[in-house]
Amino acid sequence: MADERSLLPRVLAALADPRPPGSDDTCLEKLLDWFRDLTGQAESEESDPTLKLVQDNPCLTEFFTSVLALPEPSPCILSFTLRLAGILAASKNCFQHLQQEKLLLKLFGRDGPLSSAEWEDASVRSGWLEGVSSMMYHQPALHFISSSGGIDVIFTLQGDPSLFVASVASSLLVQILVLSIASETTEPLSSKDCDWPACAQIIIKHIEDSLQSSSASCIEQSLKLLTILFRNCHATWTEAIWLGIAKQIESFLTEKTVQAQHMLANLLLNVARSPVFCDTSSFWALVTSALEHLNPVHAGPLAVGILKLYQRPQDVNMKALTVLLQPMDCILRAASQPLEYTGLLDESVSDPTTVESLLSSKSSCVNLLCQTLAHLEELLSLVSLPVDLSYTSLLRSVMTILQFCNGFLNPASPLGSTISRILINCFRVQRSALDVLAALAEQRDCDSLIVSLFDVLLAYLESPNTNPTVLKKTFRATSKWLLRLQYWSCSNNQRQQAEKIFEAVFLALQKRLCSPCWEVRDSSLEFITDLIKRLKGCDVFRQLLLSLKVPRLIENLLEDPESYVRASAVTAFGHLAFINGSAPQSPVVENQYNNENIVTKLQEILSSDPDVFPRRSVISFFNEWLRDVHTGELEDTEHFVSRVIQTVEHDPDWEVRLGGLELVEVFCTYTICQLGPPECPFAPISSTITSSIHQNEPLQVFCRAKLFSFLFQSVCDCDKPVAETACCILLRLSNSFYPVGTLKGSRETENAPEEHGIAWLQRTLKQGSLAQNFPIDGGNRVDFQDPESMMLALGTIDFKELHNELNKSSDHVEKSPQSLLQDILAAVGTTEENEADCY
């Protein structure tokens, strides 16, 4: 820390300068982080690193004194000072040292910033709170705050107009309460006041008094504090606190005047998550009461949270599920008059008229349904539900909501008519309902509604009024249900219905691919790509796809004016190769969209498209295709890879170049598995093969494909991810051709034959991105297509050391403490040169 120690006094003196500082908050935050690192480095050592830091750097205490002496300190600097003092005072020894210097009382006591004009600035108040919070790790700090009146200050700041300050104040009170009980008690606590430590008694009494206050803000402040306490602390003594407030919380549930219902729900959920209350029947009775009395909008988050917990009373789980299903049940019952089918529930948790009233109001209907649907989607994502759920009835209710939204349902009931008017073309509810519809595709017992379900989905796919975002959600749900449909078609009748559904989907898709809206064309292409991935083995899907106009429309979109659409078209067009690889094709289709034509078309796009997104899509597809599908002859694969990398090595986009390297990696694995021993990837080559370079088939293939020129050039790439990836591939190849135990890199680089130029190559690689005009042709220094030269390079160059150099963060120097201190000095502008060079 020698260099930093010489700069620190100047930095602190500059920050304490009465002139307005130029240092920004970011630099000060980094400086605080540096001090946190310094003070937390040696907790296990006998000496106290924080005390030593302060004693070795008297400029720190001088800084505190200087800032306190300023008549009008900057709020930013004063806040920094308070936070820094708190970080140092976290050490018990350093706390006592600062107290002896009479600094802590001046900083955090009544005569400090608390009584100054700067206290009006929220940053000073938050700095004071964070400083106190940082030091609150030992009894001396606890006694100091309680004896100096700090607890009352924190109580006041709970109601601060700054929400951030108020939040920090509540968190700090919890921290003080926990520290007080942990450091000042030795036996289990009861709910009696005399058993609690003095500081804890003050806070607990404050909580209880606030809960009984007639002030809504005081009640909310205590509920926030309790929520934080039960979220962060699961000690057994928290049960004693709960017993002292449970009756008051219960009274809030039945009082219509209490406005903090969402806070009550959050509090109860945090208590429910604590293992302390697993078997407390009185608490679960209170949760049941909350589910019954809270407004459905506030009961919903509590209900879904309860259902996500394990080992909770079954009757509470049932009540929670009923809360979530009650709006859906109301939708079903409102859809027809008289009722054509049973609803979701036999009985309601709360008065059904409450939910009906919410659904009848435009302002609350959409919010309630969106929240309920979001909770149900969350619930359906669970591995197992703690209660049984009628998926068929739930699916019917979701379909009903979607029909309300597009006007395809004309209910006879007055409530249904009202809901229908509210929901017509409501995009928010449509999106939420379609998310649940997609989740239900993975649940059982829904097959009886498949035909009706696709009627709803097709109505959205075909309607010109469907919002593009809603259409995207419709595509996602349709894709999932089509996957289920292929297993549904067992009988002849079902098979015919499945074929009709597939055909109707494709006809709707064809229209969407010709939409004037580019977002619709783009999401349509993504949909067809997803279908190919999911359904390439389904005969009905494959035959319809290739017999209709979809492939031709996809090919046309390769020339779309919008680059995003062209990129999606590339992916969809490429995935036709997956279809070709899954089953024999008809002669007409095979001639028009065989793999060779597809690859040729995409290579042309890779070399000529002016926008980066289509080129990225091409290289991404080539990687996927080579990895998962391609089964051609090695010679054909070699030519394909060679053509691609010769194109991408000149691409201006680093992600395209990186994709080319990933293709090389896949090809290397593929080649060595074909020609070498069975271990892969990059399996070591046996000594009998390496003894004769010219018999080393993988090396010959790599040289012919011009892999090495691309790899060595990429090591010098100015974009770090490209350089690192290329170096990793070369390191693996080196380990493949020179197995563990082989003497590798033992020969001095400088003694390598000059005609190979390996010494020059290693020096060039170490220059990295500084290497200009990297030679890749055989006429310069190194012949990258010569197997002997490449074998020598792989065995001589230390790629591990090179990778370590590349792996260093480019800002490892710039982020050093010394650099930070220099930046602060430059920013505050203390030198005459800085002041004169304003313009």
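**Rings, core and a covered helix**

Modeller: Searching the whole structure, which is a predicted model, turns up 28 aromatic pairs, where rings of Phe, Tyr and Trp (its six-membered ring) pair if their centres lie within 6.5 Å, and planes under 30 degrees apart count as stacked, over 60 as edge-to-face and the rest as tilted.

Colleague: How is the pair of Phe621 and Phe622 arranged?

Modeller: Phe621 and Phe622 form a tilted pair, 6.1 Å centre to centre and with 50 degrees between the planes.

Colleague: And are Phe621 and Phe622 buried or exposed?

Modeller: Phe621 is buried at a relative accessible area of 2%, and Phe622 is buried at 0%, where buried means under 20% relative accessible area, exposed over 50% and partly exposed in between (1.4 Å probe, protein chains only).

Colleague: What about Trp625 and Phe640, and why is that pair called edge-to-face?

Modeller: The ring centres of Trp625 and Phe640 are 5.4 Å apart and their planes stand at 85 degrees, so the pair counts as edge-to-face. Trp625 belongs to helix H34 (residues 612-628) and Phe640 to helix H35 (residues 634-648), so the pair ties together parts 15 residues apart in sequence. Both Trp625 and Phe640 are buried. Helices here (H or I, at least four residues) and strands (E, at least two) are DSSP runs, numbered from the N terminus.

Colleague: Which rings are linked into a cluster?

Modeller: Phe230, Trp242, Phe277, Phe283 and Trp284 are joined into a cluster by ring pairs.

Colleague: Switching to the core, which residues have the most contacts inside the largest one?

Modeller: Those are Trp128, Trp242, Leu437, Phe708 and Phe712, in a nonpolar core of 285 residues, meaning a set of buried Ala, Val, Leu, Ile, Met, Phe, Trp, Tyr and Cys residues joined through side-chain atoms within 4.5 Å. Helix H18 (residues 314-335) gives the most to this core, with 12 residues.

Colleague: How many residues of helix H42 are buried?

Modeller: Nine of the 10 residues in H42 (residues 787-796) are buried, among them Pro787, Met790, Leu792 and Thr796.

Colleague: Zooming out, how many helices and strands does the protein chain have?

Modeller: The protein chain has 45 helices and zero strands, and buried residues make up 54% of its 839 residues.

Colleague: Before I go, what rules sit behind these values?

Modeller: Residues are numbered from 1 along each chain as its sequence is written, and side-chain values use heavy atoms, with hydrogens and water left out. As this is a predicted model, local features need pLDDT of at least 70 and side-chain atom pairs count only at pLDDT 80 or more, whereas totals for chains, interfaces and linings use all residues.
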